[in-house]
Amino acid sequence: MSEFKPHQLAALERRVDAAPKVRGQVRYIRDLKIPGMWLGKTIRSPYAHAHILGIQLDRKFDWKQVVVVTAKDIPVNQVAMLENDMPFLAEKTVKYRGEAVVLLAAENQDLLNEAARHVRIDYKPLPAIFDVFASQVSFTKIFGDNNLFKEIAISRGNVEKARQNSDLTIEIETKTGFQEHLYLEPQGVIAIPEGDQVTIQGSLQCPYYVKRAIDNMFAGEKRITVIQAPTGGAFGGKEDYPSLLAGHAALLAVKAGRPLGMFYDREEDVQVTTKRHPSYHQDIAYVNKDGRIIGVELTIFLDGGAYCTLSPVVLARSALTALGCYHVPNVRILAKAVATHTVPSGAFRGFGGPQAIFAIEMLIEKIAYTLNLPPDQVRKRNLIRKGQRTATGQLLKYSVSARDTFQDVLRRSGYKKKFRTYQNHNADILKYLRKGSVSSLKAGEKLKGIGISVSQHGAGFTGTGENKINGKIRVEILPDGRVKIFSAATEMGQGEETAIRTIMAKALGIGREAVILSDINTDVVPDSGPTVASRTTMIVGSLLIEAAKEIVKKVKIDLSTKRKLSFTYRNGFFHNSSEKHAFQDAAKLSAGWSVEKQYRHPPIIQFDDILWTGDAYPVFSWAAAVAEIEVDPITFDVRVSRYTTSHDIGKAINPDQAVAQIQGGSLQGIGYALYEKIRLEEGHFDITGFTDYIIPTATEMPEFEVSLIENPYPYGPFGAKGLGELPLVGAAPAVVSALWMIFQEEFNEIPVLPEFLAKIFERKTGKNVSD
Amino acid sequence: MKYITLTFSLNGNKISLKTHGNRRLLDVLRDDFGLTGTKEGCGIGECGVCTVILDGKAVNACLILAGQLEGSEVVTIEYLARDGKLTELQQAFLENGAVQCGFCTPGMLMSATALLNEVPFPSEIQIKEAIAGNLCRCTGYKQIIDAIQKTAIRLKK
Ligand code: FES
Ligand code: FES
């Protein structure tokens, strides 16, 4: 194992896509000028649950200059995803506030707005359900006959026995809120019809998801091409939603017979696009006095919203992550994704993992405070190691770094010492607060906290997912001897282009400039699977390495045939005792040749997705984090001052980008813990944009101390595992662990807003301390 | 609606433009001049991706109306590397890995350029404050701040 020091990073390779971005030359979807393009608009339900009685177009309005689409115009009114329950447009019933009912297209925005005023939709409101517990027992059916999108039960060992044999039972209920992706570029798609062809271009993550959805919508009667435009951030928010949006654009474009742009403004984007699933957890631990956990019973409810989208797989990841980084021999996990009359929840960086890790880490905090043990000690006692088994019985054979990352952050942050120092520092402040004598506080004095978390993220799709996808790539040798990669893996800021080209260049032993990437166009690139689940580097990367081997073999044969000599290949050169040919020169002989590779999990990886046993993921990435916070005892504003984290991602293909991803992801997790709050009012999100949904700005940024630990995965490219999602996962529990430390109180819900902290002392003093 | 004729300087060129006075500078730049490096992320002054430099100050182009432009000097992202060569700051953004999805990048660069023009050697707090109105959801800001700091040092030499 080796460690990267930040000072080594500067010399390492930079991103391939950054130069046009700093010049302002990249054309995102809104920057394209398409002649004759009209704009689209969506008319949405104001009710969370209602019958649609009728749609009237005002006769007095001149409809000749406007195109109208309703459910009746749609050949197959289902967005093809896991279940086909979601329509492109509601026909008889609306199931969430903001659901699309009518689409309009016109030449400009003013005309669209005017037209929208002349559409009348009559509804009969119906009782709506916003609560996952009410939903499960309600006679109102949103999905199937029990409002469950999916239910998963995992069991291992004997929980009953664990309960009997343990010293103590400790319980906690935890809750996490909605989270909005808030990519800086709002959703946008353009559809261009030409005869039977419809070309979709957009800000999106998964071109083949969109292609399948639109193929299906037109019942196969149109030829669909999907092209990814440069994408200004996604974080999962452009994984499932663009299928719906592209459908709307395509319907209007075809009916209008002209190019059509659907561009959401910020308010529409935050109001109607998917959010992270809110979660509710009921967790029980059976523990010994020394903090060892003998058994757990973990129950998870995810609020999936009105339609299924990806909820079953989000739930699977939640359930499979529920045990965190711990080894517990007796486990029972029950997980349910429940339907409510809310905007459908969808993919978001971490994909069920952040909820699960928050819950288990809070259970650990509760164990520590109940037993009066240091929180790091309880974690250490239970951390999983190589050779042990997870909740699904998966034997961890390689690349297990729960302990290494944990020890590393403890040491680098000085956790133990600061824990004591800060406790002493806080004693007086807390005394005054408890007494309600705020006036005794020294000006500017802050409460100081330190918290810790450990987290993991399974790399790639859950369970048998990868084998169902059968991701493919193709690599072609160009006439000038460069190689061109055809894959559907998308760049959305995470550095995919750089990673892929670097892997190929390293595998061939050539410069990165000799490797180019095809545009992401479904007519040209094979389906390498969606760019999600932190899978691209590991899965697509491993295919590239296989392809590279065959390329070398092919070029060697062609060269040997031509020169009538045999060659060996090393460091970018084919050579023998008399000749030496650079790769690119030799490869010209094989111009036009290409190789296709298809992914299968290494055969040793076996998973049973009925019994939920076996290898849930081929490998896990591991992280630990220490958050240091300051709390203002008057305003109760919380600031993370320093954030120390260690990540084992196998091997960092681009260490500087890995560090950048870790910082960005951690800050999203800090926002999830402290700022990012969405309240639901009768099914309506109370947010409109950046003023009322607060994400961290540069002034909220903590000092970051990041280190990468390399513990290679034998089947990954150069040992790489997944990275993209993990940094977000452990941030919230580390921050909240610091709140437990300061206040010696149970914190079981995020986000933790200042109002909540103030209430702790209002309860104690009966006074309103925040005045 | 009435048209007005404006004279102002855009990226060093004298411009005379006939337009409605209540159009947003953002639309004027993007639609009339094809300067799409200036982005729109909210349209109401909250995100900073539309930042341009107006008379030496970083402003949100979505909040400036055409009528305010008379006699002013507007600089956009496209002006920075006008002779093809990146500015020190742009170069530092590349070297420090300050760019991910790139959507906030032009606005970030304009805020930082305005800062460095005004305060040759800003403190970390001044940097953070200068870009506090420029949101970035990808980077966590650290590399951006590093890039600005390093540029200041380099320019001082
Ligand atoms: S678009 Fe101008 S500040 Fe957001
Ligand atoms: S780089 Fe994506 S928002 Fe800043």
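Reader: Hi! Are A:E361 and A:R379 buried or exposed?
Author: Both A:E361 and A:R379 are buried. Keep in mind that this is a predicted model.

Reader: Good to know. How close do the N and O atoms of A:E361 and A:R379 come in their salt bridge?
Author: The closest N and O atoms of A:E361 and A:R379 are 2.7 Å apart. That pair links distant parts of the chain: A:E361 is in helix α10 (residues 353–371) of chain A and A:R379 is in helix α11 (residues 375–382) of chain A, 18 residues apart.

Reader: And what about A:R379 and A:E365?
Author: Those two form a salt bridge as well, with the closest N and O atoms 2.9 Å apart. A:R379 lies in helix α11 of chain A and A:E365 in helix α10 of chain A, so this pair ties together parts that are 14 residues apart in sequence. A:R379 is buried, at a relative accessible area of 0%, and A:E365 counts as buried at 0% too.

Reader: Nice. Which residues do salt bridges with shared partners join into one network?
Author: That network takes in A:R15, A:D17, A:K21 and A:E491.

Reader: How many salt bridges are there over all chains?
Author: A search of the whole structure finds 50. One of them is between A:E180 and A:K275, with their closest N and O atoms 2.8 Å apart. A:E180 sits in the loop between β9 (168–176) and β10 (188–194) of chain A, and A:K275 in the loop between α8 (266–272) and β14 (279–287) of chain A, 95 residues apart. Both A:E180 and A:K275 are buried.

Reader: Switching to rings now! How many aromatic pairs are there over all chains?
Author: The count comes to 25. Take A:Y415 and A:F419: their ring centres are 5.7 Å apart and their planes are at 45°, so the pair is tilted.

Reader: Where do A:Y415 and A:F419 lie in chain A?
Author: They are four residues apart in helix α13 (residues 415–435), so about one helical turn separates them. A:Y415 is buried at 1% relative accessible area, and A:F419 is buried at 12%.

Reader: What about A:Y569 and A:F574?
Author: Their ring centres are 4.3 Å apart with planes at 40°, so that pair is tilted. Both residues are buried.

Reader: Which residues form one aromatic cluster?
Author: A:F636, A:F743, A:F747, A:F756 and A:F761 do.

Reader: Last one: which ring does the charged end of A:K238 sit over?
Author: The ring of A:Y183, at 4.3 Å from its centre. In chain B, the charged end of B:K18 sits over the ring of B:Y3, 5.6 Å from its centre.

Key. Residues are numbered from 1 along each chain as its sequence is written. Chains are lettered from A and ligands numbered from 1 in the order in which they are written. This is a predicted model: local features need pLDDT of at least 70, side-chain atom pairs count only at pLDDT 80 or more; totals for chains, interfaces and linings use all residues. Side-chain values use heavy atoms; hydrogens and water are left out. Rings of Phe, Tyr and Trp (its six-membered ring) pair if their centres lie within 6.5 Å; planes under 30 degrees apart count as stacked, over 60 as edge-to-face and the rest as tilted. Helices (H or I, at least four residues) and strands (E, at least two) are DSSP runs, numbered from the N terminus. Buried means under 20% relative accessible area, exposed over 50%, partly exposed in between (1.4 Å probe, protein chains only). A charge sits over a ring if NZ of Lys or CZ of Arg is within 6 Å of the ring centre and within 35 degrees of the ring normal. A salt bridge is a side-chain nitrogen of Lys or Arg within 4 Å of a carboxyl oxygen of Asp or Glu.
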